[in-house]
There are 2 protein chains.
Amino acid sequence: MRTLTVDLGERSYPIIIGRGLLNTAAEYLLQQSISNQSSLLLVTDDQVASLHLAPVLKSLEEAGFSVTVSIVKSGEQSKSLAVFEEVMTKAIEAGLDRNSAVLALGGGVVGDLAGFVAATYMRGIRFVQLPTTILAHDSSVGGKVAVNHPLAKNMIGAFHQPELVLYDVDTLKTLPDREVRAGYSEMIKHGLIWDASFAAWCLAHVTELLELQPEALAYGLEQGCAVKAMVVSQDERENGLRAILNLGHTIGHAIEAVAGYGEYVHGEAIAIGMIGSALIAVARGRDIQVYEDTRRLLKAFGLPVSLSPHVDTEQLIGALLHDKKFKNNKIVFVLPITVGQVEIVSDISLDEVRNAIGQLKREAI
Amino acid sequence: MRTLTVDLGERSYPIIIGRGLLNTAAEYLLQQSISNQSSLLLVTDDQVASLHLAPVLKSLEEAGFSVTVSIVKSGEQSKSLAVFEEVMTKAIEAGLDRNSAVLALGGGVVGDLAGFVAATYMRGIRFVQLPTTILAHDSSVGGKVAVNHPLAKNMIGAFHQPELVLYDVDTLKTLPDREVRAGYSEMIKHGLIWDASFAAWCLAHVTELLELQPEALAYGLEQGCAVKAMVVSQDERENGLRAILNLGHTIGHAIEAVAGYGEYVHGEAIAIGMIGSALIAVARGRDIQVYEDTRRLLKAFGLPVSLSPHVDTEQLIGALLHDKKFKNNKIVFVLPITVGQVEIVSDISLDEVRNAIGQLKREAI
């Protein structure tokens, strides 16, 4: 079992990574002073519920917790205001009070949705993450919670830190292969933005990671969480440094928005976005090596490194204009300098992005 | 012109009270470092827009601000998730970025709605209040923003402090008489919970206040804001002291919920709630004087001190069960000790509330 602390002063919290943790979930809640005197709301999706809900409920109910379960449909569509309102209704009907906690059992979608419920129910109650995907190693650290607006992803949200992240790596065994690969996209990103030796370790351990060998997996998750936790500790509300975590996300979010939150899953979209950022960096004079290294790493994990030509470039540009990173007619971009190091550049023009998208599409032909 | 600072460390902000301030609104924004380089969203309601929008827009546009206006229907119904989503759509279409501000021109409904948009758009942007009601002297201080859920008032919200409150008392002249009276309800509450001499001053100046004489009005607003600001400074997120501001609100919110957010306006509902709290206090052994003093003060302002018998008692009790102040099967209540002093009592039973409601109804016959 590995334990890591996200250091945020009085909002610090532990991330516990290990096998079989869901079977004793209640113990960890009680350790965090979450009392069984107030009702809990557990939010999960239909797929995760069928696989992992039973052991969590058993543990909680045996420990005297009163738990109401809200099951949403699996997929990005559940990050909507309509589903948010349904979960809120459940929370009210369940009689959650100021001491209650909302538990998110699932991946990034469930975490973001349940977290936004926790952030806004009675103006904020306690929140616990039980991630069941690799990708959630990223979203479960840092307190960014949100739902989507039809016009832009993650546009409606808050900063709301969990009190505990309980990461049972046994749940990852049930992930489909595509989700496994996509899940490593954010882990690779953490190497690319901060830690060249971790990036090299990822490349050297592709096989073990794709086979979900527990030791490599737990180490990779811990290191990925550690980079994120370090960045978030230094800049909780994204006034500066934290923006480096957006590597690949500007183009990535646009791809998700235009392709309809479905053709590409999140990890795939940001893999393409990271390639796009490398292309912009190279066009601005960086050594082509950074593009080649990024590409090799992502390709080794079977992640896409080009964009399907049918995705409309001008629609992508339109989506960028609604992005949070669009400011004063220029786009803020995170660009790689070399593996393990990035810079935040605030004067990227739409034409530079158009050129990069063109290259991403040609690559696919 | 009177200026008051709400002291919240790095989230401190000024409340400026005076005549004609809307005509020079842009100056005050610029003083708060709100730049005209980012778009603004101004949220108001149809009634306020017809009376007070033109001078604000003129001032802002002359100063080079790009302003998008979102006009919602007047009334509590606009504090819904559906209207919240509409305003969000406007904000996205207007291209608001992280440096943008949301301005609320109106009363408590507009302030709460626009504030929740500001709190959650891109996980939180700047917020400015331009109150146009007396009641808003209360809601514009303290950063509580929210929308209603069909099952409970203010259930979905956040703490999000404004950066500036600009209180143009000239706007109050256009208030209907009923809103004027109801507006004084929270001002009286601030005397009742904290400042007996201010409560006495209110009683001695009923005539000037109801006639909206500028000097009495500005003094009353300043003192009301000052009590609230002091309480909020000591306990921003309602972990303790801040709860005293809920005097009258537990029964008051239930009345609003059951009577359908309309038969009684907010100030009237909490006036009845304050009488209800006094009745519970007296039933628990406090001197009947506190009930009589509360009643005299509210009656002098023409506020209701009894409850229409057709409002169903058990429906009120049902609404209380969904209230944020219901915890471990008891209700937390703020009870008066004497004028200017209250206590927070956490063991009020439903029967005590039933009895008080019964008395409130008999009073009306």
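**Figure 1. Surface and overall form of chain A.** Chain A exposes about 13,000 Å², of which carbon and sulfur atoms supply 48%. Accessible areas come from the Shrake-Rupley method with a 1.4 Å probe, and for residues only the protein chains shown count as cover. This is a predicted model: local features need pLDDT of at least 70 and side-chain atom pairs count only at pLDDT 80 or more, whereas totals for chains, interfaces and linings use all residues. Residues are numbered from 1 along each chain as its sequence is written, chains are lettered from A and ligands numbered from 1 in the order in which they are written, and side-chain values use heavy atoms, with hydrogens and water left out. The secondary structure of chain A comprises 14 helices and 12 strands; helices (H or I, at least four residues) and strands (E, at least two) are DSSP runs, numbered from the N terminus. Chain A has a radius of gyration of 20 Å, close to the 21 Å that the globule rule gives for 365 residues, so chain A is as compact as a globular protein of that length. The radius is taken over C-alpha atoms, and the rule is 2.2 Å times the number of residues to the power 0.38. Along the principal axes, the C-alpha atoms of chain A fill a box of roughly 60 × 40 × 35 Å.

Figure 2. Of the 365 residues in chain A, 61% count as buried. Buried means under 20% relative accessible area, exposed means over 50%, and partly exposed lies in between (1.4 Å probe, protein chains only). Among contacts (heavy atoms within 4.5 Å) between residues at least 6 apart in the sequence of chain A, 76% join residues at least 24 apart. Chain A carries 31 positive and 42 negative side chains, and the centres of the two sets are 4 Å apart. Lys and Arg count as positive and Asp and Glu as negative, while His and the chain ends are not counted. Each charge is placed at NZ of Lys, CZ of Arg, CG of Asp or CD of Glu.

Figure 3. Cys225(A) is buried, at a relative accessible area of 0%. In chain B, Cys202(B) is in no disulfide, and its nearest cysteine sulfur, that of Cys225(B), is 13 Å away. Cys202(B) is buried, with a relative accessible area of 1%.

Figure 4. Ser33(A) lies in the loop between helix H1 (25-31) and strand E3 (40-45) of chain A. The phi angle of Ser33(A) is near 60°, a positive value in a residue other than glycine. With a relative accessible area of 54%, Ser33(A) is exposed. Ser33(B) sits in the loop between helix H1 (25-31) and strand E3 (40-45) of chain B. Its phi is near 60°, and Ser33(B) is exposed at a relative accessible area of 53%.

**Figure 5. Tyr219(B) in helix H9.** Helix H9 (residues 214-234) of chain B contains Tyr219(B), which counts as partly exposed at 29% relative accessibility. Leaving aside neighbours within four places in sequence, Tyr219(B) is in contact with Arg2(B) and Trp201(B).

**Figure 6. Thr89(A) and its contacts in chain B.** Thr89(A) belongs to helix H3 (residues 81-93) of chain A. Its relative accessibility of 22% makes Thr89(A) partly exposed. Apart from neighbours within four places in sequence, Thr89(A) is in contact with His149(B) and Leu151(B).

Methods. A disulfide is a pair of cysteine sulfur atoms within 2.5 Å.
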